[in-house]
Amino acid sequence: MHGERPFHEELRAAIAASGLSLDRIHERLRLRGVPVSAATLSSWQSGRHQPERRRSLSALTVLEDVLALPPAALSARLAPPRPRGRWLPPGDTHPALDRAWPLGDARHAVDVRWDSSLTRLSCHNRAEVDGERRLRSLSSRRLLRAEADGADRWIALYRLDSPGPPPRIRLAEPLRLGTVVELPEEGLLVAEMLFERPLARGETVIVDYTVEHREPLPVSQHVETAIHVPMREHLLEVRFAAEALPSACYSFRTTGLEREGRARFRRERRLRLDAAGAVHAVALGAEGCRFGIRWVWE
């Protein structure tokens with residue numbers, strides 16, 4: 001076993017070591033109720049395709065036994081499922097999570113492999129600004145669709161504008177917290193939100209959570225989110241306490257994800273406060289941008 005070997009190379013080596021032909025392996029799988037053709041096995045070991053559907057993933061467990069491999073010797077080598085769906089870009093060209101949000105030391109602590117197979121259908125983020133003009137909490141409710149069998153988690157990221165204790169996170173049932181990484185020196189929180197069960201391709205799931213700050217923050221004047229893959233609808237709302245109503249609010253949207261470096265074109269639009277002291281902005285069909293609301297006080 002070589003730790004860095006990808007799935008298809010591990011499978012090819014295991015088949016060679018077993019001395020079995022693909023037809024013999026197919027027959028042994030068939031006798032155990034797992035019909036995987038010799039052609040499919042050939043495409044797996046060549047790297048042209050990999051198991052992604054529920055039935056194929058289940059077959060791996062039997063295949064590992066047929067080839068006298070330890071449990072998960074093959075399944076642990078699988079690459080992330082190929083993205084599919086109308087609201088995903090073709091191929092694997094969309095930016096990874098760590099481009100939109102640099103993950104630092106958290107990158108290897110959380111399982112991000114399902115990110116590219118969860119289509120973002122809609123998102124509603126709501127920020128609460130308190131009477132002292134500080135961002136108190138941010139609630140997020142997302143509708144996701146699985147484009148491959150097996151997706152079992154969503155990765156949430158939240159970064160403060162400056163170093164400090166990351167906020168607490170509260171989940172709506174039936175979500176459960178998995179690994180949580182807090183990096184105070186970067187003001188970063190990365191959390192795995194585990195679904196009730198792995199999703200089948202085409203299933204949807206609601207991810208509903210709130211982050212609450214542990215310590216008072218400096219006066220806030222904007223909220224912003226990175227949209228690193230296409231999203232059908234993104235609704236951003238900011239609610240202000242009655243004693244902290246701003247004099248003006250603007251929505252903005254950039255043409256890229258970069259925070260620094262080359263200048264980013266920024267489209268802005270004036271927003272009007274409603275009777276509840278709130279403003280909102282909607283981005284439709286957005287991708288590869290930063291979307292937010294900023295405000296000023298007199």
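Predicted model: local features only at pLDDT ≥ 70, side-chain atom pairs only at ≥ 80, totals over all residues.
1. Local features here need pLDDT of at least 70 and side-chain atom pairs count only at pLDDT 80 or more, while totals for chains, interfaces and linings use all residues. Residues are numbered from 1 along each chain as its sequence is written, and side-chain values use heavy atoms, with hydrogens and water left out.

2. Just after α1, Gly19 takes a positive phi of about 75°.

3. Phe7, Glu10, Leu11, Ala14 and Ile15 are the buried residues of α1 (buried means under 20% relative accessible area, exposed over 50%, partly exposed in between, with a 1.4 Å probe and protein chains only). Seen down the helix axis, these buried residues fall within an arc of 130°, taken from the directions from the axis to the C-beta atoms, so they line one face of α1. They pack against α2 (22–31), α3 (38–46) and α4 (54–66), where contact means heavy atoms within 4.5 Å. On the other side of α1, Ala16 and Ala17 are exposed.

4. Three strands form an open sheet in the order β3-β6-β5, with antiparallel pairing (two strands pair if DSSP finds at least two bridges between them). Its edge strands, β3 (153–159) and β5 (176–183), each pair on one side only. Strand β6 (residues 188–194) pairs with β5 over six bridges, and Leu188 in β6 is the bridge partner of Leu183.

Note on methods
Helix = DSSP H or I, 4+ residues; strand = E, 2+ residues; numbered from the N terminus.
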